[in-house]
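Please look through the structure below and follow the explanation with the chain in view.

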Amino acid sequence: MSNEGVPPAHQDQPQLMILLGWFVIFGCAALALSILIADFVVPDHDWIADTISDLGAGRFELIVDIGLYTYSAAVLSAALLAAHVHMGDRGWSIGILALLVFGLTVFLIGARNEYGDADSDGWVIHKYLVYALGAAVATIAFAMAKGLRRADDRYSYALQGFGALWVVGAPVFFFLPNDIDGLYERGLGVLASGILITLAIFFIRRGHALGR
């Protein structure tokens, strides 16, 4: 059987892994910074009571939208990295798909500028996007933990820890009084970013190890 047209054996690209890994971390920091800036810029905003979605609508929406789009690109970069460095089981593949859903959902939340409030112009989809995001984050944490265990148990434990906190904490958000849900939502954002940063650290360290 001829090997003509068959691509060369797959090889990890250390520089790509390091670059994209740092971009994932940058995307998490960019979203946090955009929210912090908007907290001070948006008039009459209460960061404890008002959600991030409140910052993403209105006169100063561009501040948080930039953060959301950068975060979305960071999540998709994590999906690209995970596909490039496949850790070899079905759960890892499911995690890649969940990263794609997560990244695209964040993008749509920013692009729609519709947050499920009194808006009745067209189909209100914000709550469905939030449900999809919540399911995707939980899936990433648990589906990819086994693959990371092949590299180092600490990565796996970190993902499972963040995932457990997310599964327990995320549904609570929908039952909170409106005067504290903004603060709680920011805490959930820290958990989601913790999952992404754990993945990023794995890819960065792997890239450095391969590049030696």
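Helix α4 passes helix α8 in a left-handed crossing. The model in which this is seen is a predicted one. Two packed helices are described by the angle between their axes and the distance between the axes. For α4 and α8 the angle is about 125 degrees, and the axes are 14 Å apart. That angle makes α4 oblique to α8, because angles from 65 to 115 degrees count as roughly perpendicular and angles over 145 as roughly antiparallel. On the α4 side the residues that meet the partner helix are Trp92, Leu99 and Phe102. On the α8 side they are Ala192, Leu196, Leu199, Phe202 and Phe203.

A second pair can be read in the same terms. Helix α5 covers residues 126–143, and its axis is 8 Å from that of α7, at an angle of about 150 degrees. An angle over 145 degrees counts as roughly antiparallel, so α5 is roughly antiparallel to α7. The crossing of α5 and α7 is left-handed. From α5, the contact is made by Leu133, Gly134, Val137, Ala138, Ile140, Ala141 and Phe142. From α7, the residues involved are Leu159, Gln160, Gly163, Ala164, Trp166 and Val167.

These helices belong to a chain with 8 helices and 0 strands. Read from the N terminus, the elements run α-α-α-α-α-α-α-α. Of the 212 residues in the chain, 45% are buried. Among the contacts with a separation of 6 or more, 74% are between residues 24 or more positions apart.

Charged side chains come next. How many salt bridges does the count come to? The count is 3 salt bridges, taking a side-chain nitrogen of Lys or Arg within 4 Å of a carboxyl oxygen of Asp or Glu.

One of them joins aspartate 39 and arginine 186, whose closest N and O atoms are 3.0 Å apart. Aspartate 39 has a relative accessible area of 16% and is buried. Arginine 186 is buried as well, with a relative accessible area of 15%. Both values are under 20%, the cut-off for a buried residue.

Another salt bridge is formed by aspartate 89 and arginine 150, with 3.7 Å between the closest N and O atoms. Here both partners are in loops: aspartate 89 is between α3 (61–84) and α4 (90–112), and arginine 150 is between α6 (145–149) and α7 (153–169). The two residues are 61 residues apart, and the pair links distant parts of the chain.

Arginine 154 is exposed, with 61% relative accessibility. Aspartate 152 is partly exposed, with a relative accessible area of 21%.

Aspartate 181 gives a contrasting case. This residue is in helix α8, and it is buried yet has no salt bridge. The nearest side chain of opposite charge is that of arginine 186, 7.4 Å away.

Threonine 198 is in helix α8, and its relative accessible area of 8% makes it buried. Apart from its neighbours within four places in sequence, threonine 198 is in contact with Tyr155, Ala158, Leu159 and Phe162.

Leucine 97 lies in helix α4. With a relative accessible area of 54%, leucine 97 is exposed, as the cut-off for an exposed residue is over 50%. Leucine 97 is 39 residues from alanine 136 in sequence, and their C-alpha atoms are 8.6 Å apart in space.

Note on methods. Residues are numbered from 1 along each chain as its sequence is written. This is a predicted model: local features need pLDDT of at least 70, side-chain atom pairs count only at pLDDT 80 or more; totals for chains, interfaces and linings use all residues. Side-chain values use heavy atoms; hydrogens and water are left out. Buried means under 20% relative accessible area, exposed over 50%, partly exposed in between (1.4 Å probe, protein chains only). Helices (H or I, at least four residues) and strands (E, at least two) are DSSP runs, numbered from the N terminus. Lys and Arg count as positive and Asp and Glu as negative; His and the chain ends are not counted. Axes are lines fitted to C-alpha atoms, for helices over the stretch in contact, and angles run from 0 to 180 degrees between N-to-C directions. Angles under 35 degrees count as roughly parallel, over 145 as roughly antiparallel, 65 to 115 as roughly perpendicular and the rest as oblique. A crossing is left-handed if the near helix is turned anticlockwise from the far one by less than a right angle, and right-handed if clockwise. Contact means heavy atoms within 4.5 Å.
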